[in-house]
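Good morning, and thank you for coming. Please look at the sequence and the structure on the screen while I speak.

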Amino acid sequence: MVLEATMICIDNSEWMRNGDYSPTRFDAQKDAVSLICGAKTQANPENTVGVLTMAGKGVRVLVTPTSDLGKILACAHGVEVGGEMNLAAGIQVAQLALKHRQNKKQQQRIIVFVGSPVKYDKKVLELIGRKLKKNSVALDIVNFGEEDEEKTEKLEALLAAVNNNDSSHIVHVPPGPSALSDVLISTPIFTGDGEGASGYVAAAAAAAGGGFEFGVDPNLDPELALALRVSMEEERARQEAAAKKAAEEAGKGEKGEPSTSQDAIMTENVDPGTSEPEKKTHDLTDDENALLQQALAMSMDDSSSTVAVRDTDMSDASADDHDLQLALQLSVQDGKGDQSNPNDANNIFADQSYMSSVLAQLPGVDPNDPAIKDLLASMQNQSEKKEEDSESKEEEKK
């Protein structure tokens, strides 16, 4: 981008009251000045623009080169139209203002609006032009208003004297329905020679009216334009985030069926783990019930088949444990005794020598323990008492 310091020279002479440029020459000139100021400041943030008037009581600097666009646009409101234009003095004062610019790296440029006749000789203007060229100052001339061959010739001579590598330009704008600012958009004054040409055109198109972003002129209300731009960027970012989120959800939805089935499989795999204690408890309960049923079946001896199965189970168990074999024999003998003679079991318990030998084989049991001897004695007494009762009953039957 081109880094420039620009001075704009306004023609505010009596000739500016003419209405051949809508609405008047002066108003059309002010619109064009606003257009140029906006284009220059938007082309580079470090560009500066100053404004001066060339008619009236004398050359008057309205604002020195500054980057404050609001200050530049406000300076032309109190300008009075009257007197004659002093072109030479206006160019020299503009050159002096540029000479005292703060940033010496800025290129110097003067833009002159000439809408009234030029009274200076061509030689004087050529001398001024050579001085500008010597100080590396570019000059742009906007020729409008009075159509005079002598005026055009003088301005062309001025341009030829100052031009250096086509850095200076002149534009002739005849009267017509088109606004002065609209005509200047497509001229070298805006397109220029540097990288900022496209920026000039874009800014000029926006400032010309009808092309404002958000419908707000940033030159007139820069704060509102900035707020609207920030709001628009935030809304755009929000929409992009929403679209991205929707795309991610859609992607997850497409992959949802396999993931759902996998989740179902995982749930099935997890459920047995969670119910394992319950299953263990249930298995233990079933085992206890099975043992209880087996014991009941062994004690009740409902049928011969049951006895056969029980005998098989006893044989298997007795092979493993001698103590368990003795206990099962006792239970079998008890069951058989129920079928044949109930006194057989009593006879077995009455035999203290046999019971002592059985108890001696049991682990942790002492047959000489007084408590066990008393128990065996009581059992023998009970068996003897039962025998006596049974004998008495038989005698009564006879």
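**Cysteines, strands, cores and salt bridges**

With a relative accessibility of 16%, Cys75 counts as buried, because buried here means under 20% relative accessible area. Please keep in mind that this is a predicted model. Cys37 is buried too, at a relative accessible area of 1%. How many disulfides does the structure hold? The number is 0. For Cys37, the nearest cysteine sulfur is that of Cys75, 7.0 Å away. As a disulfide requires two cysteine sulfur atoms within 2.5 Å, Cys37 is in no disulfide, and Cys75 is in none either.

Let me turn to strand β4, residues 107–114. Of its 8 residues, 7 are buried, so the strand is largely enclosed by the rest of the structure. Which strands pair with β4? One of them is strand β1, residues 4–10, which pairs with β4 in the parallel sense over 6 bridges; there, Ile8 stands opposite Ile111 of β4. Strand β5, residues 137–144, also pairs with β4 in the parallel sense, over 7 bridges. Within that pairing, Arg109 has Ala138 of β5 as its bridge partner. From β4 the chain passes through helix α4, residues 122–134, to reach β5, and this β-α-β crossover is right-handed.

Next, the nonpolar cores. The largest comprises 33 residues, and Ile8 and Phe113 are among those with the most contacts inside it. Helix α1, residues 25–43, gives the most to this core, namely 8 residues. Beyond its neighbours within four places in sequence, Ile8 is in contact with several residues, including Val33, Ile36, Cys37, Ile111 and Phe113. Another core, of 27 residues, lies apart from the largest one; Val112, Val114, Leu139 and Ile141 are among its members.

Finally, the charged residues. Side chains of opposite charge can pair when their charged atoms come close. The count of salt bridges in this model is 9. In one of them, Arg109 meets Glu4 at 3.0 Å, N to O. This pair links distant parts of the chain, for Arg109 is in β4 and Glu4 in β1, 105 residues apart. Are these two residues buried or exposed? Both Arg109 and Glu4 are buried. They also belong to a network of salt bridges together with Lys40 and Asp140.

Another salt bridge joins Arg25 to Asp20, with the closest N and O atoms 2.8 Å apart. Here Arg25 is buried, at a relative accessible area of 2%, whereas Asp20, at 25%, counts as partly exposed.

Notes:
Residues numbered from 1 in each chain as written. Predicted model: local features only at pLDDT ≥ 70, side-chain atom pairs only at ≥ 80, totals over all residues. Heavy atoms only, no water. Buried < 20%, exposed > 50% of the residue type's maximum accessible area, 1.4 Å probe, protein only. Helix = DSSP H or I, 4+ residues; strand = E, 2+ residues; numbered from the N terminus. Pairing = 2+ DSSP bridges. Right-handed = clockwise from strand over helix to strand, strands pointing away. Core = buried A, V, L, I, M, F, W, Y, C linked by side-chain atoms within 4.5 Å. Contact = heavy atoms within 4.5 Å. Salt bridge = Lys/Arg side-chain N within 4 Å of Asp/Glu carboxyl O.
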